[in-house]
Each structure stands twice: as structure tokens, then as C-alpha cells.
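Here are a few notes to go with the structure you sent over. Have it open while you read, and follow along point by point.

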Amino acid sequence: MSFFLHIVSCLFLGTLLFSGLSSMPATADERATEPARVRFYKIPAEGGDPALFLVPGEFDTAGSPAFSADGQKLLFDGWNSQAGETSIQAKIIMVNADGSDLKILGPGAMPSWSPGGNRIAFSQRAPYGVATMHADGSQRTLIDEGGWGAQWSPDGRKIAYSFPIKGRGNIRIYDLIEGTKTDLFPPGESPYTSVYWNMAWSPDSQWLCFKGCKASDRTFDVATINVAGKQAGFKVHYHHKTAPYADFAWHPVGEMIVFCPQTMPRQLLQFNPADDKPPEPVDVNFEATLKGDVSFTPDGGQLLFSLNPPIKTAN
């Protein structure tokens with residue numbers, strides 16, 4: 001969801017895998033014998049055929065990918081669902097951009113890098129709320145009990161997260177410099193029963209893209225809101241009775257937001273937040289279950305997303 005310094009582009013053009021697995025597509029026999037598990041794939045930002053990026057170790061359920069601003073590290077959350085774990089047992093995992101040196105940083109979900117890469121914002125179950133920690137998993141500090149889905153702004157000044165107020169969903173901005181907390185919908189003016197996790201910051205740190213469930217009819221919006229509050233800017237870009245996945249990727253130059261609805265056929269959609277055109281499909285071909293977790297590489301050249309096999313890629 002994410003928010004951009006220079007990057008060594010060659011890190012993202014090679015084959016990137018964990019555990020020494022081949023980058024070639026799995027054969028039909030291999031797909032029939034291996035357990036279903038999430039894998040991360042990448043495509044050029046303008047679309048194309050998917051290439052396998054990462055098999056996330058033993059974590060057959062994984063999501064919320066986030067690259068460090070220098071492109072050297074990838075964070076995600078995961079759990080071993082085939083061993084009976086659920087999202088309650090989610091852990092925060094870090095790997096190098098070449099897929100090596102997988103490390104478990106501890107319990108938590110939806111990690112988000114600070115721009116400098118020294119700290120991570122995340123959500124935790126106990127005590128429940130949003131927190132920060134050092135990049136090695138130490139010095140965990142709760143910043144707001146009851147918050148969920150923390151996302152660090154690209155300018156490093158703020159952390160945004162969902163925070164319910166009197167039965168309505170809201171977005172809270174924690175200003176790390178001033179130590180203040182501001183809610184973007186004024187009291188009584190939020191149209192949503194819930195505002196969901198994995199929001200995305202604009203590159204200039206002035207806007208957020210999020211998913212909300214409307215209180216009036218329990219339908220769903222994908223919307224953007226200005227961090228100065230609803231009065232400074234609020235716009236709905238997608239509306240549907242079926243909830244889209246709650247994960248958004250905002251391109252580093254600000255011209256495109258990508259997300260995944262759960263309508264059929266399953267596909268990634270993109271839209272320009274500055275215009276009024278409806279979202280359009282991303283040009284990508286696959287035969288698999290699209291899971292909806294998305295993230296741009298910091299240079300904007302590649303889009304990372306998650307699939308369950310089987311998948312057919314170009315030879």
C-alpha cells in the first residue's frame with residue numbers, strides 16, 4: 001500500500017525466489033502434488049505476463065507486501081494455514097529483494113516501512129492496536145490502542161490507520177513530529193460503518209486511498225481522502241455491493257492506483273485518482289486464484305501481486 005527513493009532496478013529484473021526454487025513455471029504434475037499456497041508474482045507496471053517473484057517460505061498464506069524505499073527489502077505477513085494457524089497467528093516476515101535471508105520479526109500484520117527503512121509500523125493482536133518497532137523486530141511500541149492497519153507516510157511524518165469512533169469507521173492520522181492525532185471524518189460525518197486496513201498513501205503524502213463499508217446500505221467504496229480532512233478533498237472512485245480486497249498500491253509518481261475487486265472474473269483494476277474515469281483492468285494474463293495483495297516496486301517499474309497456483313505463464 002506505499003509510499004520513494006532511488007532503487008537499483010536490476011534487483012527487480014532478475015529471478016527472485018526463496019528456498020532455491022526454480023523460476024520456471026511449475027509443471028502440471030508438480031501443481032497437482034504440491035499444497036495450495038500463496039506466491040508473489042510480478043509484472044511490468046503497464047501490464048504483461050506474470051513472472052514468479054517469491055515463494056514465501058513455509059507460510060502458505062501470505063499478504064500485505066511492502067518494499068523498503070531503497071528496494072533492498074520486502075516485508076509481508078503470513079501464517080501456516082495448513083498447520084492450523086489463522087490470521088490470529090500472523091507473523092511479520094522480512095526477506096532480501098533477491099528472496100534470500102527470510103527472517104521472522106515476530107507476531108503482527110500489515111507491516112509498513114518508514115521511509116528511512118529503520119522502523120516498521122504494523123498492527124498487533126495483544127495488546128490490540130497499531131505499533132512501531134525497529135527493523136530488526138525490537139523496541140515494539142504501541143502507538144494507539146484500538147487502531148488497525150497502520151501505514152507510514154512517504155515523507156516520514158505521519159502514520160495513518162483505521163480507527164472506529166461511535167460505531168462509524170474513520171481514519172486517524174498520527175503526526176510523529178507534533179505528537180497529535182487527527183480524525184479525517186469530523187464527528188458524525190463518516191458515511192462508513194468500517195474503514196479497512198492496507199490503505200495507500202499518495203507519493204506526496206497528501207492523500208490516502210481506502211476501502212469503506214457504507215452505513216446506509218452495506219455496499220462498498222474505494223475512495224481517496226485528503227489528509228487535511230474530508231472538507232479538503234474526498235472522492236469515491238469505485239462502488240459495488242461486493243467488497244473489494246482491502247489492499248491498494250499507489251504508483252510512485254501518483255498517476256495510478258491498483259486494487260482487486262472480488263467480482264468475477266477476478267482481475268486487477270487501475271484508475272487515475274485525478275480524473276473521473278471508472279477503473280479499468282490491468283493487462284495481465286493468468287490462470288490462478290487472484291488473492292488481491294498488491295505493491296509497486298519503489299521505482300514504479302514493477303507491480304507485485306499474489307496468486308494461488310495453478311498458473312500458466314509465457315514460455
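1. Which element gives the largest share of the lining of the largest pocket? That's E3, with 4 residues. Keep in mind that this is a predicted model.

2. Besides strand E3 (61–67), the elements that give two or more residues to the lining are strands E4 (73–79), E7 (109–113), E8 (119–125) and E24 (289–296).

3. What is the lining made of, by class? You get 14 nonpolar, 10 polar and 7 charged residues. Both domain 1 (38–152) and domain 2 (196–314) take part, each with at least three residues in the lining.

4. Strand E24 turns up again in an open sheet of 4 strands, with the order E2-E1-E25-E24 and antiparallel pairing. E24 and strand E2 (51–54) are the edge strands, so named because each pairs on one side only. On average, neighbouring strands here are turned by 35 degrees against each other, ignoring direction.

5. Zoom in on one end of that order: strand E1 (39–44) runs antiparallel to E2, and 3 bridges join them. Phe 40 stands opposite Leu 54 of E2.

6. Last, a hairpin: E9 (128–134) and E10 (141–145) pair in the antiparallel sense over 4 bridges, with 6 residues between them. Gly 129 has Glu 145 in E10 as its bridge partner. In the turn, check Gly 137, which has a positive phi of about 90 degrees.

Conventions:
Residues numbered from 1 in each chain as written. Predicted model: local features only at pLDDT ≥ 70, side-chain atom pairs only at ≥ 80, totals over all residues. Heavy atoms only, no water. Nonpolar A, V, L, I, M, F, W, Y, C, P; charged D, E, K, R; others polar. Domains from an automatic or database assignment. Pairing = 2+ DSSP bridges. Axes fitted to C-alpha atoms, helices over the stretch in contact; angles between N-to-C directions.
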